[in-house]
Amino acid sequence: QVHLVDSGGGWVQAGGSLRLSCAASGPTVRWYAMGWVRRAPGKEREFVSSISVAGSTYHTDSVQGRFTISRDSTKNTVSLQMNSLKPEDTAVYYCAAGQILPTGFRPDYWGQGTQVTVSS
């Protein structure tokens, strides 16, 4: 069992930055890949970024070069640094723990979500 608490969302103007954080707990958390998934109003859930146990990262094309995911395995935390934010980045962002499969990141556990709002 993995418990995730995400935080750091808020309101920012386009071009600004936010940093999301996720605190993970549980006896097996260190063996899980971590990631962020977002859901914009009226849209399907969308993968954003993932980081493997070994530290390999992947970002969806729309955030490549703007977002950076990192993890601190000693503290069981994962962060998402979001720069050059755009209005289309507005969404609820969810931290997730899961597996990296050939088909992509598969979340097994979810945080409660944190709202990110980017105004134009």
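**Salt bridges**

I began with salt bridges, taking a side-chain nitrogen of Lys or Arg within 4 Å of a carboxyl oxygen of Asp or Glu, and a search of the whole structure gave me 4. The model is predicted, so I kept in mind that local features need pLDDT of at least 70, that side-chain atom pairs count only at pLDDT 80 or more, and that totals for chains, interfaces and linings use all residues. Residues are numbered from 1 along each chain as its sequence is written, and side-chain values use heavy atoms, with hydrogens and water left out.

I looked at Arg38 next. Its side chain meets that of Glu46 in a salt bridge of 2.7 Å, N to O. Arg38 also forms a salt bridge with Asp89, where the closest N and O atoms are 3.0 Å apart. That pair links distant parts of the chain, with Arg38 in strand β4 and Asp89 in the loop between β8 and β9, 51 residues apart. My strands are DSSP runs (E, at least two residues), numbered from the N terminus.

Then I followed Asp89 to Arg66, and their side chains meet at 2.8 Å, N to O. Arg66 lies in the loop between β6 and β7 and Asp89 in the loop between β8 and β9, so this pair ties together parts that are 23 residues apart in sequence. Through shared partners, salt bridges join Arg38, Glu46, Arg66 and Asp89 into one network.

Which of these are buried? I used relative accessible area with a 1.4 Å probe, protein chains only: buried is under 20%, exposed is over 50%, and partly exposed is in between. Arg38 is buried at 4%, Asp89 is buried at 1% and Arg66 is buried at 11%. Glu46, at 30%, is partly exposed.

**The open sheet**

I traced an open sheet of 4 strands in the order β1-β3-β8-β7, with antiparallel pairing. Its edge strands, β1 (3-7) and β7 (67-72), each pair on one side only. For pairing, DSSP has to find at least two bridges between two strands.

I found 5 bridges joining β1 to β3, with His3 opposite Ser25. Between β3 (residues 18-25) and β8 (residues 77-82) there are 6 bridges, and Leu18 stands opposite Met82. On β1 I noted a covered face of Leu4 and Asp6, and an uncovered one of His3, Val5 and Ser7.

**The core**

Of its 28 residues, Leu4, Met34, Trp36, Leu80, Met82 and Tyr93 touch the most other members. Tyr93 has contacts (heavy atoms within 4.5 Å) that include Trp36, Phe67, Leu80 and Met82.

**His59**

I found His59 in strand β6 (residues 57-59), buried at 9% relative accessible area. A polar contact of 2.6 Å joins its side chain to that of Ser49. By polar contact I mean a pair of N or O atoms within 3.5 Å; within protein, one must be able to donate a hydrogen and the other to accept it, and residues adjacent in sequence count only if both atoms are side-chain atoms.

**Positive phi**

I checked two residues other than glycine. Asn76, in the loop between β7 and β8, has phi near 55° and is partly exposed at 26%. Ser84, in the loop between β8 and β9 (91-101), has a phi of about 50° and is partly exposed at 41%.

Definitions and conventions
Core = buried A, V, L, I, M, F, W, Y, C linked by side-chain atoms within 4.5 Å. Lists of a residue's contacts leave out its neighbours within four places in sequence.
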